[in-house]
Amino acid sequence: MDEITDAADRRFAALPGRPGKVVAVHLSYASRADQRGRRPQHPSYFFKPSSSLAASGDTIERPAGTELLAFEGEIALVIGAPARRVGPADAWDHVAWVTAANDFGLYDLRANDKGSNVRSKGGDGYTPIGPSLIDARAIDPDALRVRTWLNGEIAQDDTAAGMIFPLAQLVADLSQHFTLETGDVILTGTPAGSSVAQPGDVVEVEVDVPGGPSSGRLVTTVVQGSETFDAELGSLPAVDDLQRTEAWGSRQAAGLPAAGSPESGDLTNAGRSAANSPVSARSPVLSDVLRAKLDVVPVAGLSAQLRKRGLNNVHIDGVRPLHPEAKLVGTARTLRFVPNREDLFASHGGGFNAQKRVFDAVGEGEVVVIEARGEAGSGTLGDILAIRAHARGAAGIVTDGGVRDAAAVAAVGIPVYSAGAHPAVLGRKHVPWDADVTIACGGTTVQPGDIIVGDADGVVVIPPGIAEEVVDAALAQEDEDAWIAERVAEGHPVDGLFPMDAEWRAKYNDREGDRA
């Protein structure tokens, strides 16, 4: 695995040759996840074209009419031997070299890309890489460090040990899905500190093992481009406060007022208090263990246990699944529509309204729950918003209103429950009003952070504080019901068995002895 250079094209000078694939990880560092307020359960990826690669010392253009060109210093892996269905223990053997990369992104095009990042991260020069390769065989991958400087000031500093997903896991996971070929590049995600670069700024990235080998500094200078985009050919750049916040890293860094302040104009969280919203939509109430339990317990069993605890009004009535075979488990992210009034729709229905804000910010494992007052005479979402939610890792969508382009929404694959299909657009019956507040959906109250579970029988809302108790009781009841079903199948009458009287209860409690 000696280093080979391709002198024919400067863009690939730091690599063995032109890579067949450049695969990038969306979110992989704990520091970045904490900054974004969401932590993925599994790695997710996107492709970048090899034409986006650039060499150290090259420039990158910020297109005319844009403002949010953001840098992301990353550890890049270069595959040295083909990998197909390799396990984590063997995955690192397929990595030949490590180097530095800068995964530039133009946030002005990010929303229009709907998670694919084709235009926002695929431009010429958007993937500087190099300048030198580190032999992967000579290092401990967890010891790798990545640092980024903006105009000489340190902006990012983290190590591979701070990653949510180890480097070897990324290689093994990708190899499950396709062959990683010799020369392919994996960009492994960026830590906290990514921000916006302006024309004239110099961004440097270095990957090293402290006290050991280094990639050297990868240097890129930002220049102002003069070419604009043609509206006749495709969508134009557009920015909003969400994109500014994520590009800069925080509202404060973006020069925006704090969310919920009167100056922010943000009605989403304005006026909320701990008293009326005891559980945030970002609350980590749904652990992996709890989610796994909820995945196997039927909604009917959960409903029975909730009823035993005096909770009879926890069913979202009148909604049916587009995918009855799929299980829905997640935490609620709420959205409220009010009845259409023409003047209010004019002021709240257009632009980056409450509906778009929710779908553009829904986190992994969250369920968008929509209050539409049971009014199904208009769509409350369509395929574009379903695609956006799916791309962001949302667990599903529940609306007591209608779904527009129902067949296209179903094809997206995300679990969706609705009151039916309707071809009309939003403005016929509804005004998108506010989000992340307590709402009424299908006859029950839903608060941000409530646990939402759905299957072919319907959808229930579980207060987070009793979720563990309810699911454990439901699992125990499922075992009991299965045992009763076996006895009935053997020919026993249900009288005294379902529910069990004292005699049958004693047999059930001693069932291991009976089986022996």
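Is phenylalanine 47 buried, exposed or partly exposed? Phenylalanine 47 is partly exposed, with a relative accessible area of 48%. Here buried means under 20% relative accessible area, exposed means over 50%, and partly exposed is in between (1.4 Å probe, protein chains only).

## Before we start

This is a predicted model, so to speak of local features pLDDT must be at least 70, side-chain atom pairs count only at pLDDT 80 or more, and totals for chains, interfaces and linings use all residues. Residues are numbered from 1 along each chain as its sequence is written, and side-chain values use heavy atoms, with hydrogens and water left out.

## Rings and a charge

Phenylalanine 47 has a ring partner: with phenylalanine 178 it makes a tilted aromatic pair, 5.8 Å centre to centre and with 40° between the planes. (Rings of Phe, Tyr and Trp, taking the six-membered ring of Trp, pair if their centres lie within 6.5 Å; planes under 30 degrees apart are stacked, over 60 edge-to-face, and the rest tilted.) The two sit 131 residues apart, phenylalanine 47 in strand β2 and phenylalanine 178 in the loop between α4 and β12. Helices (H or I, at least four residues) and strands (E, at least two) are DSSP runs, numbered from the N terminus. Phenylalanine 178 is partly exposed too, at 23%.

Elsewhere, arginine 217 lies over the face of tryptophan 149, 3.5 Å from the ring centre. The rule here: CZ of Arg or NZ of Lys within 6 Å of the ring centre and within 35 degrees of the ring normal.

Eight of the 11 residues of α4 (residues 167-177) are buried, so the helix is largely enclosed by the rest of the structure. Among these are Leu167, Leu170 and Val171. The buried residues pack against several elements, including β1 (22-25), β6 (73-79) and β7 (95-102); contact means heavy atoms within 4.5 Å.

The largest nonpolar core has 33 residues. Such a core is a set of buried Ala, Val, Leu, Ile, Met, Phe, Trp, Tyr and Cys residues joined through side-chain atoms within 4.5 Å. α4 gives the most to this core, with six residues. A second, separate core of 22 residues includes Ala354 and Val368.

## An open sheet

Five strands make an open sheet with mixed pairing, in the order β4-β14-β13-β10-β11. Strands pair if DSSP finds at least two bridges between them. β4 (59-62) and β11 (153-159) are at the edges with a single partner strand each, so one side of each has no neighbour in the sheet. β4 runs parallel to β14 (residues 218-224), joined by four bridges, and arginine 62 has glutamine 224 as its bridge partner in β14.
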